[in-house]
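Thanks for coming, everyone. I have one structure to walk you through today. Please bring it up on your screens.

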Amino acid sequence: MFVFNTTTKVDYPVLNKWIQWQMSIYIPEVMATGFFTEHRFYKLLDHDDNEGAIYVTQFLVSSKEVYQQYLQQRAPQLQQKALDEWGDKIVSFSTLLQNVQ
C-alpha cells in the first residue's frame with residue numbers, strides 16, 4: 001500500500017473556507033477519479049504556526065503504477081483547480097509514502 005501525501009500551509013484569513021473546500025470539493029473530486037481507495041485529512045500539531053495552519057491530506061493507492069497514472073491523467077487538472085481557487089494563499093508539497101508493515 002502507498003500513500004499520496006500532500007502537506008499544505010494555509011493562510012489564516014482563508015483557513016475556514018479552504019477547509020470547507022477541501023472536504024466538500026477537492027477530496028471528493030480526487031476520490032471520484034477512482035485511483036484511490038481511502039483518504040485521510042489531518043491538522044499538523046506542534047509546529048510554529050505564525051504564518052499559517054498546516055494540514056495533511058492523504059490518499060491511499062494500491063501501487064506506484066496506479067499513482068503514476070493519477071499523476072499523468074488527473075493531477076494536473078486538479079492542481080490547477082486548487083491554484084485557480086487559492087493562488088498564493090496556500091503552499092503545498094506532495095510526497096509518496098510506502099507502508100512498511
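I will go through the sheet, then the helices, then the aromatic side chains, and finish with a few single residues.

Ground rules first. This is a predicted model, where local features need pLDDT of at least 70 and side-chain atom pairs count only at pLDDT 80 or more, while totals for chains, interfaces and linings use all residues. Residues are numbered from 1 along each chain as its sequence is written, and side-chain values use heavy atoms, with hydrogens and water left out.

Now the sheet. Helices (H or I, at least four residues) and strands (E, at least two) are DSSP runs, numbered from the N terminus. Two strands pair if DSSP finds at least two bridges between them. In what order do the four strands of the open sheet run? The order is S2-S3-S1-S4, and the pairing is antiparallel. S2 (38-43) and S4 (90-98) are the edge strands, each pairing on one side only. On average, neighbouring strands are turned by 15° against each other, direction ignored. Axes here are lines fitted to C-alpha atoms, for helices over the stretch in contact, and angles run from 0 to 180 degrees between N-to-C directions.

Take the pairings in turn. S1 (residues 2-10) and S3 (residues 53-61) are antiparallel partners over nine bridges. Asn5 stands opposite Gln58 in S3. Thr6 has Thr57 in S3 as its bridge partner.

How many of the nine residues of S3 are buried? Nine of nine. Buried means under 20% relative accessible area, exposed over 50%, and partly exposed in between, with a 1.4 Å probe and protein chains only. In a regular strand the side chains alternate between the two faces of the sheet. In S3, Ala53, Tyr55, Thr57, Phe59 and Val61 point one way. Ile54, Val56, Gln58 and Leu60 point the other way.

Contact means heavy atoms within 4.5 Å.

H2 also meets H3 (residues 75-86). Their axes come within 4 Å and cross at roughly 55°. The two helices are therefore oblique to each other. For the cut-offs, under 35 degrees is roughly parallel, over 145 roughly antiparallel, 65 to 115 roughly perpendicular, and the rest oblique. From H2 come Tyr70, Leu71, Gln72 and Gln73; from H3 come Ala75, Pro76, Gln77 and Leu78. By class, that contact has five nonpolar, three polar and no charged residues. Ala, Val, Leu, Ile, Met, Phe, Trp, Tyr, Cys and Pro count as nonpolar, Asp, Glu, Lys and Arg as charged, and the others, Gly among them, as polar.

Next, the aromatics. The whole structure holds 13 aromatic pairs. Rings of Phe, Tyr and Trp (its six-membered ring) pair if their centres lie within 6.5 Å; planes under 30 degrees apart are stacked, over 60 edge-to-face, and the rest tilted. Phe4 and Phe36 are stacked, at 6.0 Å centre to centre with 20° between the planes. Phe4 is in S1 and Phe36 in the loop between H1 (15-32) and S2, so this pair ties together parts 32 residues apart in sequence. Both Phe4 and Phe36 are buried. Trp18 and Tyr55 have ring centres 5.6 Å apart and planes at 55°, so that pair is tilted. It links Trp18 in H1 with Tyr55 in S3, 37 residues apart. One aromatic cluster includes Phe4, Trp21, Tyr26 and Phe35.

Stay with Trp18. At 1% relative accessibility, Trp18 counts as buried. Setting aside neighbours within four places in sequence, Trp18 contacts Thr8, Val10, Phe41, Tyr55, Trp86 and Ile90. Trp18 and Lys89 are 71 residues apart in sequence, yet 9.4 Å apart in space, C-alpha to C-alpha.

Now Thr95, in S4. At 30% relative accessibility, Thr95 counts as partly exposed. Beyond its neighbours within four places in sequence, Thr95 is in contact with Val3, Phe4 and Asn5.

Last one: Asp46, in the loop between S2 and S3. Asp46 has a positive phi of about 55°, although it is not a glycine. Is Asp46 buried or exposed? At 84% relative accessibility, Asp46 counts as exposed.
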